[in-house]
Amino acid sequence: MTARNPMEPQGLDRALETIGAWVLAVLWILPLAYAIWTAFHPAEFATRFDLTAPLTLENFRNAWNAAPFARYFLNTMLLVALILAVQLVLCTLAGYAFARFEFKGRDVVFMLVLVQLMVMPEVLVVENYRTMAMLGLTDTITAIGLPYMASAFGIFLLRQTFKTVPKELDEAARVEGANAVQVLWKVYVPLARPVYIAYGLVSVSYHWNNFLWPLIITNSVTSRPLTVGLQVFSSSDQGIDWSIITAATLMTSGPLLVAFLLFQKQFVQSFMRAGIR
Amino acid sequence: MIAKLKRLAALGLTAACVALLPTVAAAQTTEVSFYYPVAVGGPITKLVDSMAADFEKENPGIRIKPIYSGSYQESIVKALTAMKSGEPPVLSVLLSTDMFTLIDEGAIVDWTGLATSPDDQAWLKSFYPAFMENSQTGGKIWGVPFQRSTIVLYWNKEMFREAKLDPNRAPENWKEMLQYAQKLTKRDASGNVTQWGVQVPSSGFPYWLFQGFTTPNNVVLMNKAGNQTYYDNPAVIEALQYWVDLSQKHKVMPPGIIEWGTTPKDFFEKKIAMMWTTTGNLTNVKNNAKFDFGVAMLPANKRRGSPTGGGNFYLFKKSTPAQQQAALKFAKWITSAERAAQWGIETGYVAVRPAAWETVTLRKYAAGFPPATVARDQLEFSVAELSTHENQRVTKALNDGLQAALTGTKKPDQAMKDAQREADRILKPYRK
Amino acid sequence: MIRLSAQVHGWLLLLPAMVLLAAFTHYPAAATLLHSFFSTPKGERPAVWVGLDNYQGMVEDPVFWQALTNNLWFALGTIPVSIGLAMLMAVWVNGKLAGRGFLRMAYFTPTVLPMIAVANIWLFFYTPTYGLLEQVTGAFGLPSHNWLGTQNTVLGCLIVVTIWKEAGFFMIFYLAALQAIPPALAEAAAIEGAGRWYFFRRVVFPLLMPTTLFVLINAVINSFRLVEHIIVMTKGGPDNASALLLYYIYEVGFKFWDSAYASTLTVVLLAILASAAIAQFVFLEKRTHYQ
């Protein structure tokens, strides 16, 4: 006999909650649904919902031709890849140091790292802008990425994970003559895989959609990521054209949306195994 | 240049590098980087690109490098940040109202000192005086008009017909506009408005549209030195009262703050019978309005009038004499009668020199599409757009006051007094 | 010998991350404070020491006070609702409701859409007379309302957008936490005959506490960090009714070019975040034990 799970609603409650859940879901997906509707229909149907409206790809063509989206895509991908690559390396090293090394001032330094959890780079745009100008880095992809590369969230996450690795594994590897970095690479990193995936997904979706700092620091097509490109494109003095904007929106967030649909199960599981709770 | 190449190379864009190499090799060429305030890739960018190419063909040794920098607001930010980090453009089109800010930042040089030959001098005098109003201060010319506009009234002729108004005649003055709007506002059985008589947007930069009320009321908002504003002048308050009354008292305009960006769409959707917006929207309206429409000058009160708007050419200080000469050459070339005419036709902006309107191309175009001349004819009555030292701040004081009055949280006189007090505080250091 | 090696190794491993953190978090935080005591350099005029002048100006600046108040309301409006909704969503998605694959996807999509783009879509939803919201309220015969153009509704509209944007993201954390609760607990509760609400209140909710704290931190930060929708939808208007602190900093720093005053405002933001951090740290120490 299986016991009734007390978390599962029964009878009428169940029906009501299912309706509630669906209503919420429909509300939540409405903007996306609107974007799809408008992007695939001629402009006069942007504000009117008529099932007989003709379908068109014209909006996508116009949007694609109206701005160098190919270049923006390239910039965003370079940016996201650059940030993630550096983050993974730096956070792994630092997380390892905090998890497994005894050294003077460790706890103080750890607190200093945690500061960034609260004081995120967005808050410090004014000073960081000054710094980038001093370094001659304004309007580069590097400048967009630099403030985010040492991520307190990543360091914290990996520290927690590495701490759960049994010390015996570590010692066994050392007995075989492995040095600190080899141990890290052979023992710790493989065991932390789900955490890397979860962190990677969070990082990619964050930086794909990040806006304020890139807006401030970039200047030209060669460094502008998609979000800023999209804003420059949609803020025209001639008013808003929702057909083109929604087409551009679908184009720019398409890859992320598809990736999410494909990996959503893995995404949740990574979080679960990463022990972020 | 080299630093830029390095950066590109670092990104692995070898293809781009190869493309740029020839310019490095030809050390003789003078490169003029040119910020242009438009979203990248639209029809205007293609026009600028082709004009730059034509100019280069006629002037070997000069290379024009257009950089499309987004909206005006973004462009000034980009230009100033680039200046502070040491790599400003040589030439830039920025709002005419940014003049004082650019002077205060020590960013630009004046054209008067550069354009010294008699020919150059004549050129500087050949623009519409209305456009020169906020292109000069202290006896020097700092901006050369290029992409300029004014506010005009667009109306839906079909709705005029339905309301038994002459579809070919726009309201002449404030009284008429109100009467028309009252006839054009439609309500359903339960009293909800289904069609508004008139709409004047008030989001983002309401001060500009407000000048469409203050100018006809025969009052200016600031002095020529840019260090004094007149927000609490009784005539200014009166103008605001008229604007506020349109929605709050007469209920012929939607209440609250009206979004600039959706106003053309409201017009296309037949939710409004008359709208105020920039002449720069002419092409947009022509393409998207599925009904007969008209374009007219803003209604008069004590006089006619509208502010000018749009951008000027500015020359940045951190450039070599050779670059400055090249930039001068380019500015003269692109504002020549033929080019200005072509520019006006293809963008909908007002051609900036009377000579341009004498050209065959523009005369032919104007004959075929009379609305194109409305903005030009209005120039005679136009005044400078609000521009002072600390422009953004002083303007924001007014914007806040206008929005407070339009949403009904402050009475017009209170709102304008508060705005004036704030402006006085900001401008105090500039009155010595 | 071994101890020394551990010292050196530890520091070497930390070095790259710490250099970047110092350069882009600690230094700018300190520099912000320093620059708030100087004037803004302009043209030929260099920055000079002005003591507390910037702070004096700030206290007298009504826009600052309004942005600060708005921000507190914004935080109060977004944090509890988005956390509550996230928890509800997670419970629903974790159960066996019909179509939960779709539900999960629907709840989560806002997270992957860029705010800058969806803000434009929300702009349409809120547009008077023919916007989506108005089409719905109009069908019920309600009078038209200018949602973003009226002081008393604009902030609420932005709060809704924010909740919509972040609830799904927080849901993932709760979902992970719910799935980690041992099924044995539910079985035991079922045998005891515990009601659903009772079980949630007495067993699940306490087990979710660490997650709630984590999500709370994020929600607090977000309420001071999100400004994209303001840039697109309202520019802080009408009459600063939707200006938040960071948006005002952006405006002062990158539109008015008054970097000294922007630094002064940033100091306030830093102080708010620091006190939130301390409060949460104290709370965290009591409730959970990170080893």
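This is a predicted model: local features need pLDDT of at least 70, side-chain atom pairs count only at pLDDT 80 or more; totals for chains, interfaces and linings use all residues.
Tutor: Residues are numbered from 1 along each chain as its sequence is written, while chains are lettered from A and ligands numbered from 1 in the order in which they are written. Local features need pLDDT of at least 70 and side-chain atom pairs count only at pLDDT 80 or more, whereas totals for chains, interfaces and linings use all residues.

Student: What makes two residues count as being in contact?

Tutor: Their C-beta atoms, placed from the backbone, must lie within 7 Å.

Student: How many residues of chain C are in contact with chain A, and how do they divide?

Tutor: On chain C, 86 residues are in contact with 80 residues of chain A. The side of chain C that touches chain A holds 62 nonpolar, 18 polar and six charged residues. Helix α1 (residues 2–35) of chain C gives the most to this side, with 19 residues.

Student: Why is Ile216(A) called buried?

Tutor: A residue is buried if 20 or more other C-beta atoms lie within 10 Å of its own, exposed if 12 or fewer, and partly exposed in between. Ile216(A) has 24 other C-beta atoms within 10 Å, so it is buried. This residue lies in helix α11 (residues 212–217) of chain A. Not counting residues up to four places away in sequence, Ile216(A) touches Val125(A), Tyr129(A) and Phe254(C).

Student: What makes a set of residues a nonpolar core?

Tutor: The set consists of buried Ala, Val, Leu, Ile, Met, Phe, Trp, Tyr and Cys residues joined through C-beta atoms within 7 Å. The largest such core has 175 residues, and Ala86(C), Met171(C) and Tyr174(C) have the most contacts inside it. Its largest share, 18 residues, comes from helix α7 (residues 151–179) of chain C.

Student: How do you know that strand β1 (residues 30–36) of chain B is enclosed?

Tutor: Five of its seven residues are buried, so the strand is largely enclosed by the rest of the structure.

Student: What makes two strands a pair, and which strands does β1(B) join?

Tutor: DSSP must find at least two bridges between them. Seven bridges join β1(B) to strand β2 (residues 62–68) of chain B, and two join β1(B) to strand β3 (residues 91–95) of chain B. Both β2(B) and β3(B) therefore count as paired with β1(B). Each of these two pairs runs parallel.

Student: How do you know that chain B is as compact as a globular protein of its length?

Tutor: The radius of gyration is taken over C-alpha atoms, and the globule rule is 2.2 Å times the number of residues to the power 0.38. For chain B the radius is 23 Å, close to the 22 Å that the rule gives for 432 residues, so chain B is as compact as a globular protein of that length. Buried residues make up 52% of its 432 residues.

Methods. Helices (H or I, at least four residues) and strands (E, at least two) are DSSP runs, numbered from the N terminus. Ala, Val, Leu, Ile, Met, Phe, Trp, Tyr, Cys and Pro count as nonpolar, Asp, Glu, Lys and Arg as charged, and the others, Gly among them, as polar.
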